[in-house]
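Work through the exercises below with the sequence and the coordinates at hand. Each exercise sets a task and is followed by a solution that goes step by step.

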Amino acid sequence: MTYPNLFPVLPELFMAFMIVVILLVDAFSIKKSIVTGLTLLTLVGCFVLQLHVDTGTTQVTFNNMFILDNLATGTKLVTYLLSFVVVIYIRRYLVDKKLHVGEFFAIFLFAILGMMVMISAYNMLVLYVGLELLSLALYGLIALQRDSVKATESAMKFFILGALASGILLYGISFIYGATGGHLQLDQVLRAMTIDGNNINPLLLFGLVFVVAGLVFKLGLVPFHMWIPDVYEGSPLAVGTVIGSLTKIAAVVFIIRFLIGGLVLAAQEWSMMLLFLAILSLFFGNIIAIAQTNVKRMLGYSTVSHMGFVALGFVTLSIEGLTSTLFYVVTYSFTALAGFGILTLLSKDGFECETLEDLKGLSKSHPVYAFFMMLVMFSMAGIPPLVGFYAKFKILAALISIGYIGVAIFAVIMSLIGAFYYIRVVKFMYFDEPTKEVAVADACFVTRTLLAVNVLALLVIGILPTSVVIYCQHLVN
Amino acid sequence: MMNYLLSLTIWTPIVFGLITLVVFPKNDCMARYVSLLGSVIALIFSVVMFHYFDPHQAAMQFEEVAPWIPSFNINYHLGVDGISMPFVLLNNFITVLVILAGFKVIKHKVALYNAMFLMMTGFISGSFCALDAILFYVFFEAMLIPMYLIIGVWGSTNRVYAAVKFFLYTLVGSLLMLVGLIYLFFKSNGSFEILSYYNLPLAIGPQILLFIAFFLSFAVKVPMWPLHTWLPDAHPEAPTGGSMVLAAITLKIGGYGFLRFILPIVPDASRHLAGLMVVLSLIAIVYIGLVALVQKDMKKLVAYSSISHMGFVTLGCFLFANGTLNVWAVEGAITQMISHGFVSAAMFFCIGVMYDRVHSRNISDYGGVVNKMPVFAAFFMLFAMANSGLPGTSGFVGEFMVILGAVQTSFIAAFFAGFTLILGAGYTLWMYKRVVFGNVTNSHVAEMDDVSSREFIILAILAIAVIVMGVYPNLFVAKMHTSVEVLIKQVAYSKL
């Protein structure tokens with residue numbers, strides 16, 4: 001019996017090992033800060049190991065089921081970085097809300113492990129396994145706030161819809177499996193389709209529809225977006241931070257692998273589907289967000305519209321477009337992270353900062369947080385010189401370069417509508433007087449510094465995006 | 001230093017604004033003086049630029065080029081010609097006065113207030129100097145953030161509505177312009193240089209679409225009828241300084257956009273649609289002038305008069321005769337913009353002076369101000385005369401030049417444009433009469449005291465500017481002449 005090459009999966013193995021350690025330590029130690037420390041240590045360790053296993057070439061292992069290419073390395077590093085920041089932002093919140101810190105971080109790490117598997121999967125079933133690992137961990141994270149009706153409800157909703165979407169995805173995969181003559185490996189699916197020639201098997205198309213539906217469920221494109229607002233609203237802010245920022249990158253890489261890596265020959269078909277879904281998402285995401293008074297819910301709908309932009313990048317079917325997509329999703333993750341981070345830091349002593357009312361007069365009580373939140377909002381609205389502008393600009397340029405001027409104009413008008421609810425947040429923070437006393441957020445120095453760096457990064461990358469763009473291009477190639 | 005003069009002009013106020021915001025968030029006194037220092041330094045840089053500007057050279061001057069985003073061939077490319085240079089100077093000049101005007105009046109969030117104005121000055125100078133379309137766009141859009149806050153935070157009762165309306169109106173146009181710019185990027189084989197678009201052949205269809213995209217962006221800024229409705233809402237709600245900047249400078253970016261983008265990039269579409277533009281401008285001049293007559297709110301009145309005056313700018317930009325623009329009209333349009341910069345800033349400042357004492361903008365709350373504030377009344381008289389276009393003041397020069405140009409191309413247009421001299425005198429002087437003359441009507445007016453030395457300085461500086469510009473307009477016109485000639489040649493040439 002030959003053993004698989006374990007070198008490329010060292011970070012994942014380390015993480016799995018550390019999860020066990022954390023669970024054990026949590027069971028026997030009283031001090032919760034040890035668990036937080038161990039989690040941070042795990043993430044740093046994974047980051048370092050990931051750099052260590054990167055040889056610059058594509059490595060495969062486990063019978064080609066696991067791939068470690070530039071795309072995987074890069075997005076994994078970004079995800080570890082994001083997770084590290086997430087942990088810093090939410091650690092006080094967890095203690096404050098009496099969410100079980102040990103279990104939370106163990107499940108949190110499981111979710112990240114799931115993302116890592118998704119990012120590196122080269123086989124449809126492994127993709128599926130990664131997705132399920134992520135999803136189940138997220139259901140658990142939301143439900144962890146046992147006494148909250150809202151959290152339980154949203155966990156239940158997420159679980160039922162998520163399970164349904166997984167089922168649909170699996171159903172689609174089974175059709176592709178049959179249509180290509182029994183292949184699950186993405187490269188073999190591609191080869192089978194190449195042999196087939198220009199005619200795409202109708203069975204495969206049938207499967208494709210289901211696969212696309214399953215995939216975009218995770219991104220949250222309309223009409224598969226129903227779970228997003230409820231889950232965002234119902235879950236505690238700490239979990240919102242995880243879902244709102246971390247999971248997007250893995251989902252995009254997942255789609256790149258599946259649609260570009262495996263089904264690129266059916267690109268004409270799926271790009272039309274995605275175009276349609278993207279237009280719907282831009283429309284409904286932005287319009288419905290206007291009616292929201294809950295910031296979490298509003299951010300949920302705003303995610304839907306942003307993912308519409310991301311999907312438009314796929315539609316272009318060019319390296320340029322994919323680079324834009326990756327750039328968009330990475331920068332969006334950091335923007336959303338800062339946004340959720342600020343809300344998390346403002347929630348204290350059982351108070352959950354989640355409605356627009358709660359943000360009233362924030363510029364008086366917390367001028368710095370208000371300023372940061374304003375930058376986040378303007379970035380999401382796509383106002384230069386913040387990074388959101390450049391991300392949108394790249395997508396628009398990619399669209400216009402292939403002649404989709406009408407779509408570009410539509411996207412522009414929709415982001416105009418989007419600007420309204422972002423600047424409304426600024427309005428509440430700056431123009432209104434505070435109606436109630438907001439608890440003073442006493443975040444520690446490290447958290448504050450990290451938040452400042454995070455927000456300034458939005459500005460700096462917005463002004464000097466070149467290096468990040470080149471990095472994304474390098475990953476996509 | 002000369003090589004980086006434009007960068008210094010743009011970035012000095014922005015850096016000082018950041019310093020004010022970060023270092024003196026609580027220290028109001030320091031915040032005021034540091035920002036005044038910043039605006040004065042920026043003004044000095046722009047005066048140096050004005051002095052060393054060579055009026056006989058047609059090419060861009062003080063150019064700076066550095067790669068910015070190489071993947072899209074976007075450069076940090078700055079430069080000024082005779083058309084943009086006066087605006088940079090005007091902008092920095094007005095900002096010094098605006099900072100001074102807010103010295104005693106603004107009492108809460110002082111650092112933020114001053115920082116926002118300084119940053120906005122930098123962004124505005126940047127949009128006038130930018131020769132790269134994306135650089136222009138970034139400055140152009142970034143302006144929205146400070147202006148949104150200025151109206152929303154320091155405005156009066158209906159400020160939120162006004163701020164949101166201002167933001168969304170301006171964003172509509174500029175986003176469509178972005179699409180137009182990206183289209184031009186691909187048409188010109190990957191260039192965002194504005195000047196490279198000037199010689200780019202374009203069919204009439206795309207030209208018309210580009211015209212619409214640019215038009216929506218700049219016509220909202222100018223603002224042209226019927227896209228003007230944000231202005232009468234934004235002005236009364238903005239603080240004095242905000243109104244001054246809004247009227248004196250941000251509107252000018254619209255006019256500048258017509259000259260820098262629309263006319264040279266889509267000349268054939270401009271010729272096609274010139275009739276429509278002239279009609280819209282005349283509607284602005286006559287109809288909005290009539291609307292101004294019936295206003296009860298002084299700031300609204302001046303806001304409508306701004307729209308009416310800016311009608312001359314757009315009129316001057318589209319007076320074609322045999323496919324060629326009229327030199328008088330174009331130079332008149334630019335002169336009108338600069339003059340309006342001084343006059344409208346002065347008018348809004350005067351209203352601000354009275355508002356600080358009585359806290360009302362309604363004409364009916366005043367009467368007999370001259371009895372209590374004789375010095376102020378004298379200054380106000382001068383500015384009111386300038387606003388109605390009295391010869392000898394700056395208000396006359398631009399309008400006269402445009403009407404002169406109009407007579408040469410279309411008598412009907414000139415005839416209707418001439419109405420402004422009656423209407424302008426009507427609404428301005430009638431308001432002046434009701435506010436200033438007569439007996440003291442109520443106790444608020446009775447308690448008014450005359451201008452402080454700070455206010456006197458601001459009024460005096462503006463008065464000098466208005467008179468100098470009115471008596472010797474050549475100071476500016478001579479500097480812009482070569483560039484205008486080049487522009488007219490550019491527009492005369494067909495791209496089809």
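**Exercise 1. State how many cavities of 30 Å³ or more the structure holds, and describe the lining of the largest cavity.**

Solution. The structure, a predicted model, holds nine cavities of 30 Å³ or more, where a cavity is, on a 1 Å grid over the protein atoms alone, a set of points where a 1.4 Å probe fits but cannot get out. About 90 Å³ of space lies in the largest cavity, a volume being the space filled by probe spheres set on the points, which are joined across faces, edges and corners. Its lining residues, those with an atom within 4 Å of a point, include A:Met118, A:Leu131, A:Phe158, A:Lys218 and A:Trp227. Helix 5 and helix 10 of chain A each supply at least two residues of this lining, and the largest share, four residues, comes from helix 5 of chain A; helices are DSSP runs of H or I with at least four residues, numbered from the N terminus. By class the lining divides into eight nonpolar, two polar and one charged, with Ala, Val, Leu, Ile, Met, Phe, Trp, Tyr, Cys and Pro counted as nonpolar, Asp, Glu, Lys and Arg as charged, and the others, Gly among them, as polar.

As to conventions, residues are numbered from 1 along each chain as its sequence is written, and chains are lettered from A and ligands numbered from 1 in the order in which they are written. Local features need pLDDT of at least 70 and side-chain atom pairs count only at pLDDT 80 or more, while totals for chains, interfaces and linings use all residues, and side-chain values use heavy atoms, with hydrogens and water left out.

**Exercise 2. Explain why helix 9 of chain A is described as largely enclosed by the rest of the structure.**

Solution. Seven of the eight residues of helix 9 (residues 227-234) of chain A are buried, so this helix is largely enclosed; buried means under 20% relative accessible area (1.4 Å probe, protein chains only). Among the buried residues are A:Trp227, A:Ile228, A:Tyr232 and A:Glu233, and A:Trp227 also belongs to the lining of the largest cavity. The cover over the buried residues includes helix 5 (124-143), helix 8 (202-219) and helix 10 (237-262) of chain A.

**Exercise 3. Describe the largest pocket and find which elements supply its lining.**

Solution. The largest pocket holds about 1300 Å³ of space, a pocket being an open set of grid points with protein on both sides within 12 Å along at least five of seven lines. Of the 38 residues that line this pocket, the closest to its centre are A:Phe371, B:Leu18, B:Leu21, B:Met116 and B:Met119. Elements of chain A and of chain B each supply at least two residues, including helix 15 (367-381) of chain A and helix 4 (110-129) of chain B. The lining divides into 33 nonpolar, one polar and four charged residues.

**Exercise 4. Characterise the contact between chain B and chain A.**

Solution. The contact (heavy atoms within 4.5 Å) takes 35 residues from chain B and 36 residues from chain A. The two chains bury about 3200 Å² between them, 85% of it on carbon and sulfur atoms, where buried area is the accessible area (1.4 Å probe) that two parts lose on being put together, summed over both. In chain B, B:Phe72, B:Tyr148 and B:Val179 lose the most area to chain A, together 17% of what that side buries.

Conventions
Buried < 20%, exposed > 50% of the residue type's maximum accessible area, 1.4 Å probe, protein only.
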